[in-house]
Amino acid sequence: MLTADETARLARRAALRRADGSRGLRARRAWRRLLRACAEGEPAGQDAMRTMAADLPEDDALDLLAAAPEEPADRAAYLALIGQQAQRQALDPEGSLLALAYRAAAAEVRERLRTVLAAEGDAEVVRVVVTGDRRERMADLSPYELDYLGHQLAEHGRWDELRRLVRDLPPARAAATVRLLPVQERTGNGANLFSMLADRSSEQLSGTVDRLPRDRLTTRETGGSYLGVSLSPDATEVALRYGLWKRGQRNEVHVETLRIGTGQSTHRFCGNALKGADSGNSILHLGDEVLVNLQCGYERHQVFRVVPDLVAFDAPSPLLSDIRRSSGGAVLVRPGGLSFVDPGARTLRRLGIPGFNEGHGLYVSDASCALTTLPEDRLVAVFHMDTICVVNENGTVLHKTEERAGGPGGYSPALSFLSAHSLVLHKRANTVFQEITEVWEFPSQGAPRRTARHAGAITARWPYEKWRGRRLDDLFVQRVYNTADVHAVDPSAPWIQYQRDSAGPPIRRLLAASPGGDLYFTEALAAGPLRLEIHSPHLPDARALLEKPLLHSTPQDLRHLHELRPKIGDPAVRDALDLLGAALSERFGGDIALGDQAAAPVGTATDIALGRVPDKQQGDT
């Protein structure tokens, strides 16, 4: 295949003529080589011929016609690509043959044809070629083709067709295309819709749709144990950590990240630095960084950053808690205070907290200590020695319970903020009936107070629906959905998705859930290989609706959306569905105020405290 430089040399040589206008031997050879390149579809040869087209004599034009393909559609494309516009228009005045060739061509040829047609400036041919004679073909167009078509319609002032195109597209593409309409042209029946679309970011809408899973159940076989996961702040990726046992060796820790929308692995790390470490209990995805806290010996821990680069923070330290998200990075509890992991840092930043060394000191252990955070309010809460202490990230103690929190007995506490002024505490016990759950409020004035206390399974007092949509600590989410006796997911949990070809329901353990309750991450422990499972009962339906061109939508889609939206907890997805609902209502008539429909339950501490099931003995005090 000819290069651009070789083609340029051949074109210069072919342009040389004798005094009588004929070509010499070298010029004829160059011309024949150019003709062969054009006939074989070489881009460089066809581009060079198109540049020369205006100056070619009649004999040369006849040579080009003789080299053209016999198939009419291919012939039309060939004539367009070599610059024989008059010949192409005579063969195909309406562009229907060129449309056939365009749809059958490879992506690179399509792009070259679009460039040629844009230079010709015939908007009607552009419309026919790119969309075909039927609007229904629009669903098959790529984003590049739609962008090209929209710009061509705008350049030629075909505002009616551009308005129709906007109303036919999925919301994310429509939000990008509507900006091609001048403000004064955003009129007609779709004026309100055009205004709503113009106010939205097409990039954010596209990003929201792209991160949604297509399948209700995504699996990733790990072959390892002690699986831990962490969802990225933007919910596009999940980081997982698991251990592989090597014969005669200690556990080898693996860390990888998966895209939620595709299930594909984006990073994978397993290095010598992690081979001597047991799988600890913590992994945290910060967006640009992934951290793990590993147990490197008896009561000794070390924090590692494994993405984007490997950094071991300080030397192994005694007694570090699980990692939790802070306003700017991550935080852990240590004896005497907190340790922060700042973005890009290579050492831990230590912060002493008054009172953390009282009595026997703060013994950091999963059996007796719990940590939770509320990053947006820069709050950190720690439970230890039957006391809940709330501090800000500057180290100021804001609240401290004087009354005994959690009561006597129990072990392995879990703590979660319900709001900036309330927390929920759970403690395990030898039997499920002895487990304790408490709700505490921390008023701005006055002492902390317990507002609810329940002995027994959490869901016996507060059903699953009470927790859905809340931003809960992962450890507390595990207590809600995992049964206390076997530490496995309650089979009646409403979000569980099953594989069609599975031999039977596996034993699975809940690891984490997304803040809105749209994604649940479990570890399959039996009935198949060890694997991570991502359950998403409703987001795939949302993605299908948001990707569907409005041209192909039906009133049933509007009814489906109306039913689906209250089941979605992610605010960005709900907002995108609101926009789609407005577009569908405008298209099919009638009003639907989706923004006023019941939201996914996001309650307050009072809602939880009052969530008692009437006339039922529940062990409350």
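This is a predicted model: local features need pLDDT of at least 70, side-chain atom pairs count only at pLDDT 80 or more; totals for chains, interfaces and linings use all residues.

Student: Which helix gives the most to the positive patch?
Tutor: The patch of positive charge on the surface gathers Arg9, Arg12, Arg13, Arg18, Arg26, Arg28, Arg29 and Arg32. Helix H1 (4–14) and helix H2 (25–39) each supply at least two residues of that patch. The biggest giver, with 4 residues, is H2.

Student: Stepping back to the whole protein, what share of the residues counts as buried?
Tutor: The protein has 21 helices and 24 strands. Its accessible surface comes to about 28500 Å², with 49% of that belonging to carbon and sulfur atoms. Of the 621 residues, the buried share is 52%.

Student: And among contacts with a separation of 6 or more, what percentage comes from residues 24 or more positions apart?
Tutor: Here you take the contacts in the protein with a separation of 6 or more as the total. Then you pick out those between residues 24 or more positions apart, and their share is 51%.

Student: How many salt bridges does a search of the whole structure find?
Tutor: Side chains of opposite charge can pair when their charged atoms come close. The cut-off used for a salt bridge is a side-chain nitrogen of Lys or Arg within 4 Å of a carboxyl oxygen of Asp or Glu. Searching the whole structure that way gives a count of 36.

Student: How many residues apart are Glu185 and Arg163?
Tutor: The side chains of Glu185 and Arg163 meet in a salt bridge, 3.0 Å from N to O. Glu185 sits in the loop between helix H12 (171–177) and helix H13 (191–198), while Arg163 is in helix H11. The pair links distant parts of the chain, and the separation in residues is 22.

Student: Is Arg163 itself buried or exposed?
Tutor: The relative accessibility of Arg163 is 14%. The buried class takes values under 20%, so Arg163 counts as buried.

Student: In the pair of Glu393 and Arg378, which residue is partly exposed?
Tutor: Glu393 forms a salt bridge with Arg378, and the closest N and O atoms are 3.4 Å apart. Glu393 lies in the loop between strand S16 (387–392) and strand S17 (397–400), and Arg378 in the loop between strand S14 (369–374) and strand S15 (379–384), so the pair ties together parts 15 residues apart in sequence. Glu393 has 8% relative accessibility and counts as buried. At 37%, the partly exposed one is Arg378.

Student: Why are Arg543 and Glu547 separated by about one helical turn?
Tutor: Their side chains meet in a salt bridge, 3.0 Å from N to O. Arg543 counts as buried at 6% relative accessibility, while Glu547 counts as partly exposed at 30%. Both are in helix H18 (residues 539–547), and the reason for the one-turn separation is their spacing of 4 residues.

Student: What is omega for the cis peptide bond of Val307 and Pro308?
Tutor: Pro308 is found in the loop between strand S8 (300–307) and strand S9 (311–318). The peptide bond joining Val307 and Pro308 is cis, with omega at about 5°.

Student: What phi does Ala235 have?
Tutor: Ala235 is found in the loop between strand S2 (225–231) and strand S3 (237–244). With a relative accessible area of 13%, Ala235 is buried. Although Ala235 is not a glycine, its phi is positive, at about 60°.

Student: Last one: where is Ser412 found?
Tutor: Ser412 is a residue other than glycine with a positive phi, near 50°. Ser412 is buried, with a relative accessible area of 17%. Its place is in residues 411–419, which form strand S18.

Definitions and conventions
Residues are numbered from 1 along each chain as its sequence is written. Side-chain values use heavy atoms; hydrogens and water are left out. Patches are made of residues with over 30% relative accessible area and no salt bridge: like charges are joined within 9 Å, nonpolar side chains (Val, Leu, Ile, Met, Phe, Trp, Tyr) within 5 Å. Accessible areas come from the Shrake-Rupley method with a 1.4 Å probe; for residues, only the protein chains shown count as cover. Lys and Arg count as positive and Asp and Glu as negative; His and the chain ends are not counted. The place of a charge is taken as NZ of Lys, CZ of Arg, CG of Asp or CD of Glu. Buried means under 20% relative accessible area, exposed over 50%, partly exposed in between (1.4 Å probe, protein chains only). Contact means heavy atoms within 4.5 Å.
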